[in-house]
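Subject: A structure for you to look at

Hi there,

Here is the structure I promised to pass on. Please open it first, and then read my notes below alongside it.

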Amino acid sequence: MPLDYNKLISQEYQRRPEPAIRSLLSLEKKPGMISFLAGKPNPDRFPFESITVKLKPSAVLSTDPSTGASTELVIDGNTLERVLQYGYTAGDPLFDEALNDLVSAVHGRTRHDDTPAGDFEITVGTGSQDLLAKTSLALFDKGDTILVESPMYPGLLPDLGSRGIHVINVATDQEGLSASSLAQILDEWNQNERTKELSFPKAVYTVPTGGNPSGTTASADRKRAILQIVRKHSILILEDDPYYYLSFEGLEEDSVMRHRSPSYFALEKEDNDPWGYGYVLRFESFSKILSAGMRLGFMAGPKPIIDAVSGYMATSSIHASSPMQVMAALLLQHWGVPGFLSHVDEVARLYQQRRDFFEVKLASVLGGDKNQQRALASWVTPVAGMFFWVKLHLPPESDAPQGNSSNVITKNAVDHNVLAVPGASFYAGQQITPYVRLSFSVIPEEEMEEGLLRLRKAIEDAWKEHGYSTIPPM
Ligand SMILES: Cc1ncc(COP(=O)(O)O)c(C=O)c1O
């Protein structure tokens, strides 16, 4: 059944008047039109003549093979004039074209290709966080409900909480969002005491690759099962996938031929006859693969929702930085899709090597070993991303039979000069948990062992403070 977007899009958005000036702007393109419309600054006194970006020697295609000269990406002439001026909310045309090519090559769906699969739009944001925040405005009013994987990336939580949107946790397992838990919650919505008074959810939020904080990755079969459930219940999937390219499986294969897990957005193509398209809102980010400070992300999904997100963008940041968009577009053009895939595999290899190094240290410091050292932690090895989600072995407390990592991290660990994120930060509502998130992305390798030794001391102190002279087995 196609989704009814009028029911999914927030009342608040539907009440918004059209921005007076922006809605007239497209008429400026009409031949012969004289426009006194926009308050554009006069570019004559903009001080920039060109923008040149040089690639690192280690980057993919950083030199011209025939001349040996370093690759420079140059923005000048008409393109410079365009990017220094106010631009289009949905994205600069050059970047938009590059994104279209990328989505088409990687997810097998080409926008506006006259097939049902091509019936979607793309919009650019100041990072995917920006697009998530605007999607929250575009979809949810006070009293609406969203389902979230639990634990979850907490970027959306403060906004959802302060706007009175109900957040219902869905359990996760080693593949992230649990299909059986999702199905049960939705099937029993009107009977369950916890949910029956709430409005039926509009969407489920998940990070399917290298989950933040869980490090989990969903298989294609798990995604198929979840897609089936959301189709049955006519809700959206918010597929927040900034770690999509940081997946470690198959890195020994050729980067173009390598098997990458299909996204939810790609999987919509399967079995689409009875269901149609438009259940997936896909969020991608360039933060982890080009630069976080560029603040570039994009989303792809059904036009009515993308238009609503753009509507909020138009009255906030207007658009993401055009020079940054075009810098990324020139790079993507220079690389082509094969060069891009080769670059992202290089990025993934770095994280894979760091994960391996970190895990050896984690096992030797917090895992049990042959010297009869007591294991103080357990974890599942992440197959993508940059996080270990580690369950600490902590003293039981009256309200926390498995211990409370917040107490240990915010006090004992800080006293020992080591920081990690307590697991409670990744749950909607109050949650006491023995988990912590340890990031291995940037910490110098030589500090990993020392940091973990300090964490070990913090845990040992917690046991002593609870009156244990020896720590019982996990
Ligand atoms: C799961 C998840 N979503 C979104 C973001 C935000 O990414 P961006 O830098 O594109 O705004 C992050 C950043 O860490 C993240 O981990």
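**Around the ligand**

A backbone N or O atom of Q129 sits 2.9 Å from an oxygen atom of the ligand, a polar contact in the sense of a pair of N or O atoms within 3.5 Å. Before going further, please note that this is a predicted model, in which local features need pLDDT of at least 70 and side-chain atom pairs count only at pLDDT 80 or more, while totals for chains, interfaces and linings use all residues. Residues are numbered from 1 along each chain as its sequence is written, and side-chain values use heavy atoms, with hydrogens and water left out.

Helices are DSSP runs of H or I with at least four residues, strands are E runs of at least two, and both are numbered from the N terminus.

**Helix pairs**

Helix α6 also meets helix α12 (residues 303–314): their axes come within 9 Å and cross at roughly 110°. Axes are lines fitted to C-alpha atoms, for helices over the stretch in contact, with angles from 0 to 180 degrees between N-to-C directions. The two helices are therefore roughly perpendicular (65 to 115 degrees). Among the α6 residues in contact with α12 are D130, L131 and K134, and the α12 side includes I305, A308 and Y312 (heavy atoms within 4.5 Å). The residues of this contact divide into 9 nonpolar, 1 polar and 2 charged.

The axes of α8 (residues 179–187) and α9 (residues 220–233) also come within 9 Å, but cross at roughly 10°. This pair is therefore roughly parallel (under 35 degrees). L182 and L186 are among the α8 residues that meet α9, where the partners include I226 and I229.

**Backbone details**

One joins S150 and P151, with omega about 10°, and P151 lies in the loop between β4 (145–150) and α7 (157–162). The other runs from N212 to P213, with omega near 20°; P213 belongs to the loop between β7 (203–206) and α9.

Enjoy exploring!

Notes
Angles under 35 degrees count as roughly parallel, over 145 as roughly antiparallel, 65 to 115 as roughly perpendicular and the rest as oblique. A polar contact is a pair of N or O atoms within 3.5 Å; within protein, one must be able to donate a hydrogen and the other to accept it, and residues adjacent in sequence count only if both atoms are side-chain atoms. Ala, Val, Leu, Ile, Met, Phe, Trp, Tyr, Cys and Pro count as nonpolar, Asp, Glu, Lys and Arg as charged, and the others, Gly among them, as polar.
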